[in-house]
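Subject: Structure for you to look at

Dear colleague,

Here is the structure I said I would pass on. Please have a look before reading my notes below it.

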Protein chains: 6
Amino acid sequence: MRISARNQIKGTVLEVTKGATTSHVRVDIGGGQIVTSSITNEAVDDLALKAGGKCIVVVKASDVMIAVD
Amino acid sequence: MRISARNQIKGTVLEVTKGATTSHVRVDIGGGQIVTSSITNEAVDDLALKAGGKCIVVVKASDVMIAVD
Amino acid sequence: MRISARNQIKGTVLEVTKGATTSHVRVDIGGGQIVTSSITNEAVDDLALKAGGKCIVVVKASDVMIAVD
Amino acid sequence: MRISARNQIKGTVLEVTKGATTSHVRVDIGGGQIVTSSITNEAVDDLALKAGGKCIVVVKASDVMIAVD
Amino acid sequence: MRISARNQIKGTVLEVTKGATTSHVRVDIGGGQIVTSSITNEAVDDLALKAGGKCIVVVKASDVMIAVD
Amino acid sequence: MRISARNQIKGTVLEVTKGATTSHVRVDIGGGQIVTSSITNEAVDDLALKAGGKCIVVVKASDVMIAVD
């Protein structure tokens, strides 16, 4: 499957924290950068996400903001 | 200003493409990764974004998806 | 690629309307339902989306609202 | 109330799963399609959502992605 | 129609700026606050939005960030 | 830091409700308007958000919908 979302960055799962319905997944995308994702517990189970696994961080361009100092 | 958005990655603006109301901004975040952002033309003007400028890519954790091959 | 987004519905592209930077893609998902998507022109080109093509509509669960009459 | 969101699909609530602050609502939109929504517990209570109830799934066009196989 | 989105604020349309596919709508919500919305041209036409009209600004709670100075 | 998000409204935190992974923050933005935000517990801790604190509500224009009665 190829998806319209413009941002697709390879990484490695660092940590999965499950809540009651929502999980937080921390992904190391290299260069010292960590990305945090908030997804459903169901998605974590479905994709069998766990620390050490390879993954791809996906973000739609319209969800990306730009800031300056 | 410090913001709740969990993902804040430093980068350099590569290109700003203005449309009629919406601009696309491409940012080099290092490690060979390019991030594309879709924001208003007004924001581009307000922040004076242009190629070569330093910036920070900001994404709320609930807008980040995870994929696996 | 398998993605965390919980909503993935098969359909057929009805129409692609390109703007200056942003395209609108209308997809027939069957049962008389049409879904409208707003994505970058670049994504339309990259996926070679055009009327009649098969596609999958993808929506993250946190972007779905519920209404009642 | 009529809303700008381009995607409004009628359905029937299948299941409401409440978490600590966030609920997941599964909706049958017909044609064998199930949509999952992640909303606040407060919204579930406010709209009195429960299995068997009629509802409308609402998604803004800019939150819809397109994928191809 | 009542919707799950937790934020629904009454206002008056100040300005509608149409682009090729995407419009920007500026709304005065009182107290000196202006809200900017980016929606499809189709939605603007469908709701007949124009300066001076009454409207309601709607935002899902998961799309609201918090910042501090 | 200045950010591209077009909507930045000053307010006062009314209440922080922590869930297992996700918190709800209610903010009084004046004029009798309350805004609800759903963010990570980690962000609440990082910004030390608590009732009575000053804050800024931030929303990207593409996440704002418009409704009419």
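This is a predicted model: local features need pLDDT of at least 70, side-chain atom pairs count only at pLDDT 80 or more; totals for chains, interfaces and linings use all residues.

Symmetry. Chain A superposes on chain D by a rotation of 120° with 0.0 Å of shift along its axis, and the RMSD is 0.0 Å. The two copies are thus related as by a three-fold rotation axis. Within chain A, the residue that comes closest to this axis is Ala20(A), with its C-alpha at 3.5 Å.

Annotation. An unreviewed UniProt entry lists residues 2-68 of chain A as "domain: Mop". In the model, that span is 61% strand and 10% helix, and its end C-alpha atoms are 32 Å apart.

Interface of chain A and chain B. About 2,800 Å² is buried between these chains, and carbon and sulfur atoms give 64% of that area. Chain A brings 31 residues to the contact and chain B brings 31 residues. What crosses the interface in polar terms? There are 10 residue pairs in polar contact, and 0 salt bridges were found.

On the side of chain A that touches chain B, at least two residues each come from strands E2 (7-18), E3 (22-30), E4 (33-40), E5 (54-59) and E6 (65-68) of chain A. E4(A) gives the most, with 7 residues. Sorted by class, that side of chain A has 20 nonpolar, 6 polar and 5 charged residues.

Regards

Key: Residues are numbered from 1 along each chain as its sequence is written. Chains are lettered from A and ligands numbered from 1 in the order in which they are written. Side-chain values use heavy atoms; hydrogens and water are left out. Copies are superposed by least squares on the C-alpha atoms of residues with pLDDT of at least 70 in both. UniProt positions are given in the numbering used here, feature names are shortened, and annotations may be inferred rather than shown by experiment. Helices (H or I, at least four residues) and strands (E, at least two) are DSSP runs, numbered from the N terminus. Contact means heavy atoms within 4.5 Å. Buried area is the accessible area (1.4 Å probe) that two parts lose on being put together, summed over both. A salt bridge is a side-chain nitrogen of Lys or Arg within 4 Å of a carboxyl oxygen of Asp or Glu. A polar contact is a pair of N or O atoms within 3.5 Å; within protein, one must be able to donate a hydrogen and the other to accept it, and residues adjacent in sequence count only if both atoms are side-chain atoms. Ala, Val, Leu, Ile, Met, Phe, Trp, Tyr, Cys and Pro count as nonpolar, Asp, Glu, Lys and Arg as charged, and the others, Gly among them, as polar.
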